[in-house]
Amino acid sequence: ITLADFTKINKTVLFEQYLALIVNARALRKDPTYALILGEQFYINHDGILSCRVMSSEHPLAAMELLHQYQSLFTELLDLNLDINEQYGIFSIHEKIPLGEALPHFVEYSFSVFCSLGKFCLGQSEMKLELEFTFPNPGSGNEFETFFGNPVRFNCSANRVIIPKEVLCQDIIFANQESAIENDKLCGQQLAQVHSNQQVIQKVKKAIRSMPFNQVS
């Protein structure tokens with residue numbers, strides 16, 4: 001990817017180039033929290049339909065259930081799972097496709113989005129939770145704990161955010177039932193479009209695989 005590529009409106013960046021860009025960024029970065037800062041910027045510019053729907057939820061548990069339900073509107077690269085027990089809500093992330101060395105970037109970015117948006121929706125500067133990452137600490141100290149203001153553990157068995165039940169039941173300050181209903185319709189329409197695109201892609205792949213290689217243009 002050259003600098004001039006960024007000035008071309010119709011320039012297409014291949015997914016492999018995108019992953020290489022992220023891997024290079026991680027290798028050359030001076031701040032180990034760069035992906036967390038990017039996630040925080042997403043929440044500051046919360047102008048998407050999914051963000052609006054989440055913000056109009058009654059409480060964090062309902063918001064997390066929506067993130068699970070409409071996850072395709074947030075990312076097609078990751079699988080977002082939600083498990084609830086008597087004490088905690090556990091939000092975990094798994095890769096849908098192999099992301100290799102770039103996986104930590106997407107996990108860090110996503111967790112930052114969730115936590116930053118959560119604090120904003122609760123009208124609080126802090127939110128009690130715990131974070132676990134499967135990869136080693138990308139920093140040299142407690143940079144992640146300082147950013148999140150909560151316990152952070154690395155080299156764990158799963159990438160997940162553990163949220164106490166009392167936090168999940170707090171009121172969201174932007175809760176609005178009318179907005180929630182309207183945004184639900186819009187999210188449903190967008191989700192249907194995403195699924196429709198996926199079906200077209202699968203049909204094209206099937207058609208290509210059924211043709212002799214020398215006939216594929």
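Before we start: the model is predicted, so local features need pLDDT of at least 70 and side-chain atom pairs count only at pLDDT 80 or more, while totals for chains, interfaces and linings use all residues. Numbering runs from 1 along each chain as its sequence is written, and side-chain values use heavy atoms, with hydrogens and water left out.

Okay, the sheet. It's open, with five strands in the order E1-E2-E5-E3-E4 and mixed pairing. Strands here are DSSP E runs of at least two residues, helices are H or I runs of at least four, both numbered from the N terminus, and two strands pair if DSSP finds at least two bridges between them. E1 (78-84) and E4 (152-153) sit at the edges with a single partner strand each, so one side of each has no neighbour in the sheet. E3, residues 130-132, pairs with E4 in the parallel sense over two bridges; in one of them, Leu-131 has Val-152 of E4 as its partner.

Now the helices. H5 (residues 103-122) packs on the sheet and touches E1, E2, E3 and E5, where contact means heavy atoms within 4.5 Å. H4, residues 60-69, lies across E1, E2 (88-95) and E5 (159-164).

Last stop: Arg-53, in helix H3 (residues 49-55). Is Arg-53 buried or exposed? Buried, at 10% relative accessible area; the cut-offs are under 20% for buried and over 50% for exposed, partly exposed in between, with a 1.4 Å probe and protein chains only. Beyond its neighbours within four places in sequence, Arg-53 is in contact with Leu-66, Ala-180, Asn-183, Asp-184 and Cys-187.

Key:
Axes fitted to C-alpha atoms, helices over the stretch in contact; angles between N-to-C directions.
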